[in-house]
Amino acid sequence: MSFRPCSRVACSEESAATLTFDYADAMAVLGPLAVQREPHTFDLCARHARLTAAPQGWQLVRLRTDGPATEPADGPDAQPAAGPDAESGSAE
Ligand SMILES: [Zn+2]
């Protein structure tokens, strides 16, 4: 996996999230790092992802980006019951 730096000027942190602009709906979506870079997306490090705010007139939607998505936060006892996200990772 290649290193993907934060797209903010003067920041060389590794990206941890991707900000996607949906111009049709004036909506900015901040979510987990995208697998592929696409137009209208910006990779951000964890710090800049937290600091990001939507432009004037835009709605910012934050998806969960904190922590690894595939590991329980606090050990085996912290595993949630089966839910929409529990085992659907490879469904596609
Ligand atoms: Zn950054």
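The dialogue below reads a predicted model, feature by feature.

Biologist: How do strands join into a sheet?

Modeller: The strands of a sheet pair through backbone hydrogen bonds, and the pairing can be parallel or antiparallel. In this model the 4 strands form an open sheet with mixed pairing, in the order S3-S1-S2-S4. Its edge strands, S3 and S4 (59–62), each pair on one side only. On average, neighbouring strands of the sheet are turned by 20 degrees against each other, with direction ignored.

Biologist: Which sense does the pairing of S1 and S2 have, and over how many bridges?

Modeller: S1 and S2 are antiparallel, with 6 bridges. S1 and S3 also run antiparallel, joined by 4 bridges. S2 and S4 pair in the parallel sense, over 4 bridges.

Biologist: Can you show me individual residues that hold these pairs?

Modeller: Take Ala17. Its bridge partner in S3 is Leu44, and its bridge partner in S2 is Pro32.

Biologist: What should I know about side chains in a strand?

Modeller: In a regular strand, side chains alternate between the two faces of the sheet.

Biologist: Which residues make up the largest nonpolar core?

Modeller: There are 9 residues in that core: Cys6, Ala17, Leu19, Ala28, Leu30, Phe42, Leu44, Cys45 and Ala49. Strand S1 (17–22), strand S2 (27–32) and strand S3 (41–44) are the elements that give two or more residues to it. For the chain as a whole, 13% of the 92 residues count as buried.

Biologist: Is Thr20 buried, partly exposed or exposed, and why?

Modeller: Thr20 is in strand S1. It has 17 C-beta neighbours inside 10 Å, so it counts as partly exposed.

Biologist: Which residues is Thr20 in contact with, leaving aside its neighbours within four places in sequence?

Modeller: They are Val29, His40 and Thr41. Thr20 can also be compared with Leu60, which is 40 residues away in sequence, while the C-alpha atoms of the two are 9.8 Å apart. Across the chain, of the contacts with a separation of 6 or more, 56% are between residues 24 or more positions apart.

Biologist: Where is His40 found, and what is its phi?

Modeller: His40 is in the loop between S2 and S3. Its phi is positive, near 70 degrees. His40 is exposed, because it has 10 other C-beta atoms within 10 Å.

Biologist: Which residue takes a positive phi in the hairpin of S1 and S2?

Modeller: That residue is Ala26, with a phi near 50 degrees. The hairpin has 4 residues between its strands.

Note on methods: Residues are numbered from 1 along each chain as its sequence is written. This is a predicted model: local features need pLDDT of at least 70, side-chain atom pairs count only at pLDDT 80 or more; totals for chains, interfaces and linings use all residues. A nonpolar core is a set of buried Ala, Val, Leu, Ile, Met, Phe, Trp, Tyr and Cys residues joined through C-beta atoms within 7 Å. A residue is buried if 20 or more other C-beta atoms lie within 10 Å of its own, exposed if 12 or fewer, and partly exposed in between; C-beta atoms are placed from the backbone. Two residues are in contact if their C-beta atoms, placed from the backbone, lie within 7 Å. Two strands pair if DSSP finds at least two bridges between them. Axes are lines fitted to C-alpha atoms, for helices over the stretch in contact, and angles run from 0 to 180 degrees between N-to-C directions.
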